[in-house]
Amino acid sequence: MTENKKISEFITFPKTFEKYKWYKPILVFIVGLILSAIFSVTIILACYGIYGESFVTSLINGGYEVLNSEVGLIVTDLGVIIMIPALYLATKIVRDRPFSSYSSSRGGWNTNLFFKALIIPLILFLIFEGIDVAIRGPKGTYHFSLLFLLISVILVPLQCIAEEYVYRGLIMPTLGSWFNIPILAIIIQAVIFSVSHGYNSFGLIEILVSGIIFGFFAWKTNGIEVSSALHTANNFSISLFVMFGLISSTSSPSLNEVAVAIVFEILLAILMYYIGRKTKWFGEIE
């Protein structure tokens, strides 16, 4: 493995490129946003043609409750996944740093690292959700199908990775390059990550904590693979429990639900960091 001193800090990585300009990430963001909007309109028009106006209206106004159906999950996830090609094209149009540098400062995306970091949190998230269901009782509607399972296995991880590219791959290193204060960059990107989600105030607090944890691991591992794994473990476990009717996705979680989830996420983060330090699974953790 490459030594720490030979690896650039991911959180300030953009500054290491010869053609770095402080304003280029802003242009990438704007162009990427325009491309994402174009892709999103295409998806919405396709849904309108297939399912009609009522479905599109319910999709737009339904909040996270739409994730309780196969079609809603497909459309919602695709609406996020398109950010990956949008960001890729934006970097080419603006002629910013290489797209691989949005994955890590270790030479691009490391698939092995992603899957290594996925195993433990996925198991623990499934156990956590199972205990929660055992205590509170099932809340959803059973609608298992091979389609729903296939969506969960393929689209959910891609959706999580897409968000990591934007928030921890683009926004966080941009802020880090501007301020050169890692903690400030982590907190600001977490705030942006939180307010971009349509939850109630309790839910936004949980997303804020998640964003800080994801940002911390992206900083310490010099890449987004571990944060993507944590993100995927959370969303995938929820998707499975929704599919089996054990829980129901909602935009309005209660204070008690959020408090328990935050405690679990913090304990998981501590465990993952400890494992990363001991095993070197997670790359260059200093």
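Reader: How do helix 4 and helix 6 cross?
Author: In this predicted model, local features need pLDDT of at least 70 and side-chain atom pairs count only at pLDDT 80 or more, while totals for chains, interfaces and linings use all residues. Residues are numbered from 1 along each chain as its sequence is written, and side-chain values use heavy atoms, with hydrogens and water left out. The axes of helix 4 (residues 83-94) and helix 6 cross at roughly 40° and come within 9 Å. Axes are lines fitted to C-alpha atoms, for helices over the stretch in contact, with angles from 0 to 180 degrees between N-to-C directions. Helices are DSSP runs (H or I, at least four residues) numbered from the N terminus.

Reader: Which class of angle is that for helix 4 and helix 6?
Author: Helix 4 is oblique to helix 6. Angles under 35 degrees count as roughly parallel, over 145 as roughly antiparallel, 65 to 115 as roughly perpendicular and the rest as oblique.

Reader: Which residues make the contact?
Author: Helix 4 contributes Met-83, Ile-84 and Leu-87, and the residues of helix 6 include Leu-158, Ile-161, Tyr-165 and Leu-170. Contact means heavy atoms within 4.5 Å.

Reader: What else does Tyr-165 contact?
Author: Leaving aside neighbours within four places in sequence, the contacts of Tyr-165 include Phe-99, Tyr-102, Ser-103, Trp-109 and Ile-224.

Reader: How many residues are in the largest nonpolar core?
Author: That core has 75 residues, and Tyr-165 is among those with the most contacts inside it, as are Leu-87 and Tyr-102. Helix 6 (residues 146-179) supplies the largest share, 14 residues. A nonpolar core is a set of buried Ala, Val, Leu, Ile, Met, Phe, Trp, Tyr and Cys residues joined through side-chain atoms within 4.5 Å.

Reader: Changing topic, how many disulfides are there?
Author: The structure holds zero disulfides, a disulfide being a pair of cysteine sulfur atoms within 2.5 Å.

Reader: Is Cys-47 buried or exposed, and what about Cys-160?
Author: Cys-47 is buried at 6% relative accessibility, and Cys-160 is buried with a relative accessible area of 0%. Buried means under 20% relative accessible area, exposed over 50%, partly exposed in between (1.4 Å probe, protein chains only).

Reader: And where do helix 1 and helix 2 pack?
Author: Helix 1 (residues 24-51) packs on helix 2 (residues 53-61) at about 135°, with axes 7 Å apart.

Methods
Helix = DSSP H or I, 4+ residues; strand = E, 2+ residues; numbered from the N terminus.
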